[in-house]
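Reader: I am new to reading structures. Could you take me through one, feature by feature?

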Amino acid sequence: MSRIVVSPEWCKGCELCVSVCPKDCLEHSDALNRYGVYPIRMRAGAECIGCSQCAVMCPDAAIEVYRTAKESNATRHGDCPDLRGAASDNEIVPFAGREPAKHEEALA
Ligand code: SF4
Ligand code: SF4
């Protein structure tokens, strides 16, 4: 199962990601961020397919997409160097977007 992580302090609430998600996975959260907007989050029970359209669309690179190593390798057509350290096909690995940890570094 794929999933996304939104860095709430990077989101400006523009809803571009919401408009492109083919599975209607995204909604506004109920807590304001530093911009005074309600950042995007994944809906409870959402069935994210890891298509990455939300991350590609986001102008602020606020979304990180994770897929299983097996799914990511299948999409990348072979043995991706990024995934050689994965412990198993079912390990969740970054697929698209910036890593949230890098966001935190930039904000520090
Ligand atoms: S990766 Fe695709 S399915 Fe998942 S939340 Fe983003 S746009 Fe929706
Ligand atoms: S596209 Fe990016 S900035 Fe706009 S609402 Fe979605 S996550 Fe927030």
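Author: We start with confidence, then go through the fold and the ligands. Keep in mind that this is a predicted model.

Reader: How should I read the confidence, and which elements have the lowest and the highest mean pLDDT?

Author: pLDDT is the predictor's confidence in each residue. The protein averages 82, and 70% of the residues score at least 70. Among the elements, helix α4 (residues 100-107) has the lowest mean, 54. Strand β2 (residues 26-28) has the highest, 98.

Reader: How many helices and strands are there in the protein?

Author: Count the elements, then read their order. The protein has four helices and five strands. Along the sequence the pattern is β-α-β-β-α-β-α-β-α.

Reader: What share of the residues is buried?

Author: A residue is buried if 20 or more other C-beta atoms lie within 10 Å of its own. Here, buried residues make up 24% of the 108 in the protein.

Reader: Which residues are closest to ligand 1?

Author: List the neighbours, then sort them by class. Ligand 1 is surrounded by 16 residues, and the closest are C21, C25, C48, C51 and C54. Its shell divides into 11 nonpolar, four polar and one charged.

Reader: What surrounds ligand 2?

Author: There are 14 residues around ligand 2, with C11, C14, L16, C17 and C58 the closest. By class, the shell of ligand 2 has 10 nonpolar, one polar and three charged residues.

Conventions:
Residues numbered from 1 in each chain as written. Chains lettered and ligands numbered in written order. Predicted model: local features only at pLDDT ≥ 70, side-chain atom pairs only at ≥ 80, totals over all residues. Near = placed C-beta within 6 Å. Nonpolar A, V, L, I, M, F, W, Y, C, P; charged D, E, K, R; others polar. Helix = DSSP H or I, 4+ residues; strand = E, 2+ residues; numbered from the N terminus. Buried ≥ 20, exposed ≤ 12 C-beta atoms within 10 Å, placed from the backbone. pLDDT = per-residue confidence, 0-100.
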